[in-house]
Amino acid sequence: MTVGVSMSAVRRRKGLTLAELSVLSGVDRDDLGRYERGHMAPRPETVQKIAAALEVPIAAIRAGMGWTAPEALEDWERSTDDRLLREGIEEDLRASYGEDLSLSEGDIRALLESVKASIPALIDHMKDTRPEQEINREILASLGVEDGEEEQARRLALTDAQWEQVRPLLPPENTGRGRAFKSNRLMLDGILYQMKTGVSWNSLPERFGRPRCVSDRLRLWTGSGVWERVLEKLTALGVLEDEEKG
């Protein structure tokens with residue numbers, strides 16, 4: 001059973017909401033939701049906090065995790081009974097699709113086998129120490145699917161025609177003193193991405209380079225009066241709406 005399925009089943013059996021479990025465990029409510037949906041894997045120490053808040057043995061919710069010092073198994077854990085896994089799946093399905101959801105025994109068995117089959121891949125994923133974005137890009141590439149973040153960055157970037165109208169308003173990248181600035185066009189696309197999506201600077205896609213470089217370029221242009229003229233041109237071109245100017 002995955003950590004999220006186990007955690008969800010135990011929490012609901014205890015009659016706790018995510019908000020209540022967050023208060024008891026000291027773990028962020030949104031993170032708890034991500035754990036239960038399988039969007040993020042908790043660290044062992046986090047699982048310990050959650051188990052203590054739920055007043056259950058760590059073993060009750062640790063399935064699928066790697067541990068440096070494995071806990072002794074409870075008697076029920078040695079059983080091949082799928083009861084807890086089944087309960088967790090049924091709880092999640094009812095929470096997602098309503099109490100009236102009805103599945104055949106064959107459908108439930110198929111879900112059980114699917115969850116069991118996913119555990120080795122989950123363990124391999126948790127052992128991978130690379131950044132999450134890099135892992136996701138590799139998975140998407142293997143499936144022939146484009147990275148949604150990269151696709152969005154390309155879609156929000158200036159067209160060649162738009163860039164040619166904005167380019168004369170920006171200072172030269174190479175002033176002849178020291179190293180040349182990074183591409184004005186790349187930096188402007190990064191600024192526009194942040195303004196249109198509302199993400200933090202540190203969450204900018206890697207294609208824009210170091211987030212600090214992008215935010216510093218905006219600060220430089222703002223301080224020199226360049227940005228005001230660029231904003232006017234971008235608005236006239238329909239690139240930015242009033243509510244996107246921040």
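**Exercise 1. Which residues in α1 meet which residues in α5?** Work out, too, how the two helices are oriented.

*Solution.* Keep in mind that this is a predicted model.

Step 1: Find the partners. On the α1 side, look for Val5, Ser8, Ala9, Arg12 and Arg13. In α5 they meet Leu84, Leu85, Glu87, Gly88, Ile89, Glu91, Asp92 and Ala95.

Step 2: Turn to the geometry. Helix α1 spans residues 3–13 and helix α5 residues 83–97; they pack at an angle of about 75°, and their axes lie 8 Å apart. Angles of 65 to 115 degrees count as roughly perpendicular, so α1 is roughly perpendicular to α5.

**Exercise 2. Describe the overall make-up of the chain.**

*Solution.* Step 1: Count the elements. The protein chain has 12 helices and 0 strands.

Step 1: Look at burial and surface. Of its 246 residues, 34% count as buried. The accessible surface is about 15000 Å², with 50% of that belonging to carbon and sulfur atoms.

Step 2: Check the contacts. Among those with a separation of 6 or more, 56% join residues 24 or more positions apart.

**Exercise 3. Decide where to read the coordinates with care.**

*Solution.* Step 1: Start with the average. Mean pLDDT for the protein chain is 78, and 78% of the residues reach 70 or more.

Step 1: Compare helices. Confidence is highest in α9 (residues 160–166), at 94, and lowest in α7 (residues 132–142), at a mean of 64.

Step 2: Inspect residues 64–79, where pLDDT stays under 50. Where pLDDT is low, predicted coordinates should not be read in detail.

Conventions: Residues numbered from 1 in each chain as written. Predicted model: local features only at pLDDT ≥ 70, side-chain atom pairs only at ≥ 80, totals over all residues. Heavy atoms only, no water. Axes fitted to C-alpha atoms, helices over the stretch in contact; angles between N-to-C directions. Helix = DSSP H or I, 4+ residues; strand = E, 2+ residues; numbered from the N terminus. Parallel < 35°, antiparallel > 145°, perpendicular 65-115°, else oblique. Contact = heavy atoms within 4.5 Å. pLDDT = per-residue confidence, 0-100. Buried < 20%, exposed > 50% of the residue type's maximum accessible area, 1.4 Å probe, protein only. Areas by Shrake-Rupley, 256 points an atom, 1.4 Å probe, with all protein chains shown as cover.
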